[in-house]
Amino acid sequence: MTFDLSCAGARIKALRLARSLTEEDLAKKLGIPHCDIVAMEDGAGMPTLEQALALASALDTTVDELFRKQDDATVPQKQPGMESLTELYKIGSGPSSSHTMGPEKACNLFRNQTPEANRYEVILYGSLAKTGKGHCTDQVIEKTLSPLPCKIIFDTATENLPHPNTMDLMAYNNETLLKKARVFSVGGGAIRFEGEAEGEQKHIYALDTFNDIARYCKKEGLRLWEYVYNTEGSGFRDYLSTVWRAMRQAVAAGLEEEGILPGGLNVHKKARHLFNLQHVDETAETKANRLIAAYAFAVGEQNACGCRIVTAPTCGAAGVLPEVLYYQQKKNGYTDDEICRALATGGLIGNLIKTNASISGAECGCQAEVGSACAMAAAALAELFDLSIDKIEYSAEIAIEHHLGLTCDPICGLVQIPCIERNAVAAMRAINAVNLSSFLSDTRKISLDKVILTMRDTGRDLSHRYRETSEGGLAKLSIYE
Ligand code: SF4
């Protein structure tokens, strides 16, 4: 028997998922910290002999089987490279990419697969069950499957889910079950059907670390946006143009509106008010802060109303990137071409985070949503300012580093408090990050790639209460007192 330690991590993960065990469950069975399981599955740490025996027993296999040299294709491996940015920037309806866009896509596909159905049943689990009402998941499912009736069950009790956003779809013809499918809403509006391996997506980028991309661009004399345009091919500039138009429209529409946001929290729309206010002693800085916040509130409020926005990288964090770019275009007159190049570079950073960590609040908390958006905005702004690749990296790294550990705890599961205000704060942080990096990049010690992996590990260590379940943090506050 030849032992192959490099394959063991993927095999441990595959067997754990096949047995519907979470990382926490497996850690408990072995009596070791949860982070040790994460390290083993990532290939960053190997079990001791004693742990290997316990692992084999917990996973109902043998040590030989667990560590055998890989000779088949049954173990899902992380596919190298990255998907197109068209899978990151998506134009759609809010308020949540994982809770509305993902389920909408799943229901559309399932409905097309079941033309004989005359009724549906959908069971929502995990975060989809716990914050689905606030995020309007039930409404979007009913609307997508209509006119056929659909019974929706919120199962908040089942644990040990293979993914925090899990849903079961059942198609019936009267009492006969025609088809059943389990779907995971994996963030940013993307979905995966059970049985479909992770990474079956089309990866058009060969490289998937900032380090490799930067080295390649420097060698070829390319800017990051040129690398993106070259990889995505013709038509991508037009796609970004459409994205930018939708972002601008969301800001403009949000600035026009007044009233109360839906959902029952009685939150007032504030974008228009902020835009029209004037500070008693308004300096150029206070004016800039006020306008940027107004743009952020505009997009956040549009999202909370279920209006059209662009995931950047998600619905909840959709305000950060547009507000920074919108402000720059208004103030300094950057052309749409220049803005599209900035969107390409910002998108590249979002794609790296999506590929190597997560952009899902249910998986890794708000650091994965607003933290990622802040890094994208910082990189985009640094691109707009024509900073070097090293400074673009440093801008994004500062931006995400200071969101590490940020929890997802929306009150009543609505993407309103703290989400909307948080977008405004993150935009200011993105601007600060670019300012800092333009002075300090020669002295830094930590790479963007390392911070992205740290964000992933931090997210996995967060209690589920802080990962879009509305069971902890701010979500526990009573706002009616
Ligand atoms: S707290 Fe952050 S991650 Fe959670 S719903 Fe709000 S914006 Fe999304």
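## Burial and the model

A residue counts as buried if 20 or more other C-beta atoms lie within 10 Å of its own, as exposed if 12 or fewer do, and as partly exposed in between, with C-beta atoms placed from the backbone. The structure is a predicted model, in which local features need pLDDT of at least 70 and side-chain atom pairs count only at pLDDT 80 or more, while totals for chains, interfaces and linings use all residues. Residues are numbered from 1 along each chain as its sequence is written.

## Overall form

The protein chain has 20 helices and seven strands; these are DSSP runs numbered from the N terminus, helices being H or I of at least four residues and strands E of at least two. The radius of gyration of the protein chain, taken over C-alpha atoms, is 23 Å, close to the 23 Å that the globule rule gives for 481 residues, so the chain is as compact as a globular protein of that length. The globule rule is 2.2 Å times the number of residues to the power 0.38. Along its principal axes, the C-alpha trace spans about 70 × 60 × 50 Å.

Of the 481 residues, 48% count as buried. Two residues are in contact if their C-beta atoms, placed from the backbone, lie within 7 Å. Among contacts in the protein chain with a separation of 6 or more, 79% are between residues 24 or more positions apart.

## Domains

The domain assignment, which is automatic or from a database, gives domain 1 (5-67), domain 2 (96-193) and domain 3 (210-476). The centres of domain 2 and domain 3, taken over C-alpha atoms, are separated by 29 Å. Their contact takes 17 residues from domain 2 and 23 residues from domain 3.

On the side of domain 2 that touches domain 3, α6 (97-113), α7 (126-131) and β5 (176-187) each supply at least two residues. By class, this side of domain 2 has four nonpolar, 11 polar and two charged residues. Here Ala, Val, Leu, Ile, Met, Phe, Trp, Tyr, Cys and Pro count as nonpolar, Asp, Glu, Lys and Arg as charged, and the others, Gly among them, as polar.

## Nonpolar cores

In soluble globular proteins, nonpolar side chains tend to be buried together. A nonpolar core is a set of buried Ala, Val, Leu, Ile, Met, Phe, Trp, Tyr and Cys residues joined through C-beta atoms within 7 Å. The largest such core has 97 residues, of which V320, A377, A378 and A430 touch the most other members. Helix α17 (residues 370-384) gives the most to this core, with 12 residues.

Leaving aside neighbours within four places in sequence, A430 is in contact with V320, V324, C374, A377, A378, L381 and A399. Another core, of 24 residues, lies apart from the largest one and includes L145, C150, M167 and V186.

## Around the ligand

The residues around the ligand are G316, A317, G361, C366, E369, V370, C408, P410, V415, P418, C419 and E468.

P418, one of the residues around the ligand, is joined to I417 by a cis peptide bond with omega of about 10 degrees. P418 lies in the loop between α18 (389-401) and α19 (419-440).

## Other loop residues

A cis peptide bond also joins G94 and P95, with omega of about 10 degrees. P95 is in the loop between β1 (91-93) and α6.

N266 is not a glycine, yet has a positive phi of about 60 degrees. N266 sits in the loop between α11 (236-256) and α12 (271-276) and is exposed, with 9 other C-beta atoms within 10 Å. D386, in the loop between α17 and α18, is not a glycine either and has a positive phi of about 65 degrees. D386 is exposed, with 11 other C-beta atoms within 10 Å.

G45, in the loop between α3 (34-41) and α4 (49-58), is partly exposed, with 14 other C-beta atoms within 10 Å. Beyond four places in sequence, G45 is in contact with D36, A39 and M40. T114 is in the loop between α6 and β2 (119-125) and counts as buried, with 20 C-beta neighbours inside 10 Å. Not counting residues up to four places away in sequence, T114 touches A171, L178 and K179.

Key: A residue is near a molecule or strand if its C-beta atom, placed from the backbone, lies within 6 Å of it.
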